[in-house]
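Work through the exercises below with the sequence and the model open. Each task is followed by its solution.

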Amino acid sequence: MDKELVNIEEEVTILTEKLQKLRKEIGKVITGQEETVEQLLITFLAGGHALLEGVPGLAKTLMIRTLAQAIDLKFKRIQFTPDLMPSDIIGTEILEEDYSTGKKFFKFNKGPIFSNIILADEINRTPPKTQAALLEAMQEFEVTYSGKTYELDRPFFILATQNPIEQSGTFALPEAQQDRFLLYIKIGYPNESEETTILKNTTGVKKETLNKVISGEDILRLQHLVREVPISDDLITYVSKVIRATRPETTTNAYVKEWVNWGAGPRAGQAMILTAKARALAQGTLSVTLDDLQQVAKPVLRHRVIVNFRAESEGITSDDVTRHLLKAIEVGK
């Protein structure tokens with residue numbers, strides 16, 4: 001066996017063991033929600049951003065804070081409110097004076113966006129103008145102020161939470177910004193057993209102490225390894241067929257033509273392959289399977305396939321469209 005391949009397998013083993021420790025640390029505070037935690041870890045491994053949606057009280061914020069506490073990286077929380085301004089996120093220039101010369105000058109005072117993990121809490125409670133302040137940071141990993149560009153530290157993640165758009169006091173995220181999120185994760189209610197455990201663990205005096213079990217360097221290395229995970233040409237073709245089938249203008253699928261307004265773009269295919277690679281690596285395997293692709297399909301396409309008004313009135317969601325396409329399209333056909 002090739003010596004370099006052996007070294008990579010040993011490195012993958014070491015790093016995936018650290019991921020397991022990270023899961024255990026999160027499990028000290030968060031009961032259940034295994035699928036959500038897995039999708040958050042996939043987001044980290046793929047080097048993207050995640051949008052978490054759920055009704056108030058489902059520990060969205062707590063989950064992200066817990067994850068950040070177990071990682072040796074800088075963490076900032078931004079509470080999005082209707083009066084939040086772009087400068088509250090990016091930063092602003094302040095007038096300072098050089099006391100040795102008496103000259104005054106402007107100095108850029110960096111905002112909370114200059115961190116590694118950003119919790120954008122209740123992102124849809126602020127107007128689109130302020131939401132758009134995140135676009136450059138999410139895509140280019142840099143921000144521009146007064147014509148000058150400032151690079152952000154890597155790794156860099158924005159983990160945003162939002163309440164369902166049907167609730168009062170919310171502003172819908174523009175499609176362009178939704179597309180910047182690698183995954184759109186929906187959090188549901190816990191089952192009866194999990195809810196009983198939550199009530200027991202959160203109404204006493206005991207408080208769990210979290211340890212930092214993985215570093216920023218580990219995450220950067222994992223992100224590099226993710227891109228090296230192989231995927232067959234047949235599976236790449238399968239992803240292309242699924243993405244192209246979401247577009248009512250070009251698809252031959254009658255279900256999509258009837259219920260979909262806008263289909264997914266090429267970025268969706270990139271996200272589907274990259275997150276499938278991340279899922280495979282997180283499970284300690286070194287190749288992508290069909291199951292990996294199908295498991296990430298819904299959170300990848302949820303915010304990129306826009307159903308029409310008739311579908312909304314009938315209760316048909318983008319998840320339903322994705323589920324239909326995964327059944328209709330086969331590998332190699």
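**Exercise 1. Count the aromatic pairs and classify the one formed by F44 and F157.**

Rings of Phe, Tyr and Trp (its six-membered ring) pair if their centres lie within 6.5 Å; planes under 30 degrees apart count as stacked, over 60 as edge-to-face and the rest as tilted. By this rule there are 6 aromatic pairs. For F44 and F157, the ring centres are 4.0 Å apart and the planes lie at 10°, so the pair is stacked. F44 belongs to helix 2 (residues 34–46) and F157 to strand 9 (residues 157–162), so-called distant parts of the chain, 113 residues apart.The model is predicted: local features need pLDDT of at least 70, side-chain atom pairs count only at pLDDT 80 or more, and totals for chains, interfaces and linings use all residues. Numbering starts from 1 along each chain as its sequence is written, and side-chain values use heavy atoms, leaving out hydrogens and water.

**Exercise 2. Describe how helix 12 packs on helix 13.**

Helices (H or I, at least four residues) and strands (E, at least two) are DSSP runs, numbered from the N terminus. Axes are lines fitted to C-alpha atoms over the stretch in contact, with angles from 0 to 180 degrees between N-to-C directions. Helix 12 is therefore oblique to helix 13 (under 35 degrees is roughly parallel, over 145 roughly antiparallel, 65 to 115 roughly perpendicular, the rest oblique).

**Exercise 3. Describe the pairing of strand 4 with strand 5.**

Strands pair if DSSP finds at least two bridges between them. Strand 4 (residues 91–98) and strand 5 (residues 103–110) have 8 bridges, in the antiparallel sense. In this pairing, I94 is opposite K107. The two strands form a hairpin with 4 residues between them, and G102 in the turn has a positive phi of about 80°.
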